[in-house]
Amino acid sequence: MLPFSPPRIDQKIIDEVIDTLQSGWITTGPKTKRFERNLEAYADCRRVLCLNSATAGLETMLRWFGVTLGDEVILPAYTYSATANVIIHCGAIPVFVDVNEHDFNINVEKIREAITDKTKVIMPVDFGGMPCDYDAINEMVRSNAIINKFIAATLEQQQLGRILVLSDAAHSIGSRYNGKRAGSFTDVSILSFHAVKNLTTAEGGAICLNLQEFDNDMIYNQLSIATLHGQNKDALAKTQPGNWRYDIVEAGYKYNMTDILASIGLVELARYEDETLPKRKLICERYNFAFAPCSWAILPCFVSDEKESSYHLFPLRIKGVSEMQRDQIITTISRNGVNVNVHFLPVPAMSYYRKLGYNIENYPQAKANYEIEISLPVYFNLAETEVEFVIKTVKDAVYEVLG
Ligand SMILES: *Cc1c(COP(=O)(O)O)cnc(C)c1O
């Protein structure tokens, strides 16, 4: 079976992990700090804090901004449920909006319609690594009409004086917008290093701070404490001779990244721009070229004037099929030896969210995109012959099911 998205684990990764294991320091320490500095340089942002997941990063930033009971947070209906779950954790209300047809990303006009005097945060998601329309989103939250609706309830909200743009950049490390890389497009961006993502640490994530209105070094220190028990010294600092005493300044969380995981990230990041991204791009371009002549294929978009994707997914759509036919095509593809996926089952269609009263019928574009979508394998070790095999297997399955 051809896998969907296996990690690239080679001798370099193994050596770096072993180096950490033998170093005498395995939790958060020098390698995590080095990984953070390298990420700051790569993601064009002011500070990076690494954590054990993107989900932890999203929730940490919502809590930092004081998002709480009764507040509203706007997000696309078309995303992984983590984006919505963290809003629930804070006691706030997820306000889903529909997406664009062409790039699956949050629709800016729909955001504008959804903003109320309770809106505290907008969480755009770069679907498949294609950046959202950030010029429009950033301009909107700074426009007088929208600023006038904003009611600040905390010091941070007062200091910002407007809605926070917190991008879920779980897919988009290395993507570009106006010549800059993901991590710098909005106030704060959250990267994911989960096992199936473009750049992995097995599990992991990062907060990219880019808050023009704040001292980002200070926020970095604040967040480091908030994500490590609320302890005013980290484990490494405590190993300094005589430096054992510490204080708990808040009831913090336990979200820190370990040096074992950071060592995977260091190797992955060092070869990301020159090896990982070009290979992913090559595979996606080959798929696009192969499916372009097919009248039933709707191809994904990876570039536009000012944007370029990180090629995280290849979301192929099959024109005019029902959801059942799409599922049959997937079954046929799997039976013939290729593991494919669907991104995403829209969040409002999940049983927990249905019980809360959400209804997928209110997000017709998300529903329409979902029903005809199949994500094809994209990963570094996918060989040329395997790409050709995927193409043939997908085409055969479509012809078999559609006749
Ligand atoms: C993977 C993913 C997340 C969660 O990332 P973790 O690092 O697993 O917490 C969040 N949002 C989107 C869109 C994702 O695909």
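## Briefing: fold, burial and salt bridges in a predicted model

The protein chain exposes about 16,700 Å², of which carbon and sulfur atoms supply 53%; accessible areas come from the Shrake-Rupley method with a 1.4 Å probe, and for residues only the protein chains shown count as cover. This is a predicted model, in which local features need pLDDT of at least 70 and side-chain atom pairs count only at pLDDT 80 or more, while totals for chains, interfaces and linings use all residues. Residues are numbered from 1 along each chain as its sequence is written, and side-chain values use heavy atoms, with hydrogens and water left out.

**Overall fold**

- The protein chain has 16 helices and 14 strands, taken as DSSP runs numbered from the N terminus (helices: H or I, at least four residues; strands: E, at least two).
- Its radius of gyration is 22 Å, close to the 22 Å that the globule rule gives for 403 residues, so the chain is as compact as a globular protein of that length. The radius is taken over C-alpha atoms, and the rule is 2.2 Å times the number of residues to the power 0.38.
- Along its principal axes, the C-alpha trace spans about 75 × 55 × 40 Å.
- Of the contacts between residues at least 6 apart in sequence, 72% join residues at least 24 apart; contact means heavy atoms within 4.5 Å.

**Burial and packing**

- Buried residues make up 55% of the 403 residues. The cut-offs are under 20% relative accessible area for buried, over 50% for exposed, and in between for partly exposed (1.4 Å probe, protein chains only).
- Helix α15 (residues 364-371) has Ala366, Asn369, Tyr370 and Glu371 buried. The buried residues of α15 pack against β13 (314-318), α13 (323-335) and β14 (373-376).
- Serine 172 sits in the loop between β5 (164-168) and β6 (176-177), and at 0% relative accessibility it counts as buried.
- Setting aside neighbours within four places in sequence, serine 172 is in contact with Asp126, Gly129, Ala182 and Ser310.

**Charges and salt bridges**

- There are 39 positive and 49 negative side chains, and the centres of the two sets lie 2 Å apart. Lys and Arg count as positive, Asp and Glu as negative, and His and the chain ends are not counted; each charge is placed at NZ of Lys, CZ of Arg, CG of Asp or CD of Glu.
- The structure holds 26 salt bridges, each being a side-chain nitrogen of Lys or Arg within 4 Å of a carboxyl oxygen of Asp or Glu.
- Glutamate 275 forms a salt bridge with arginine 8, with the closest N and O atoms 2.8 Å apart. This pair links distant parts of the chain, 267 residues apart: glutamate 275 is in helix α12 (residues 272-291) and arginine 8 in the segment before α1 (11-23).
- Glutamate 275 is partly exposed at 30% relative accessibility, whereas arginine 8 is buried at 15%.
- Arg8 and Glu275 also belong to a network of salt bridges that includes Asp10, Glu268 and Arg271.
- Glutamate 16 and lysine 31 meet in a salt bridge (2.7 Å, N to O). Glutamate 16 lies in helix α1 and lysine 31 in helix α2 (residues 30-42), so the pair ties together parts 15 residues apart in sequence.
- Lysine 31 is buried, with a relative accessible area of 8%, while glutamate 16 is partly exposed at 22%.
- Arginine 326 and glutamate 323 pair at 4.0 Å, N to O, in another salt bridge. Both are in helix α13, and being 3 residues apart they are separated by about one helical turn.
- Arginine 326 is buried at 1% relative accessibility, and glutamate 323 is partly exposed at 30%.
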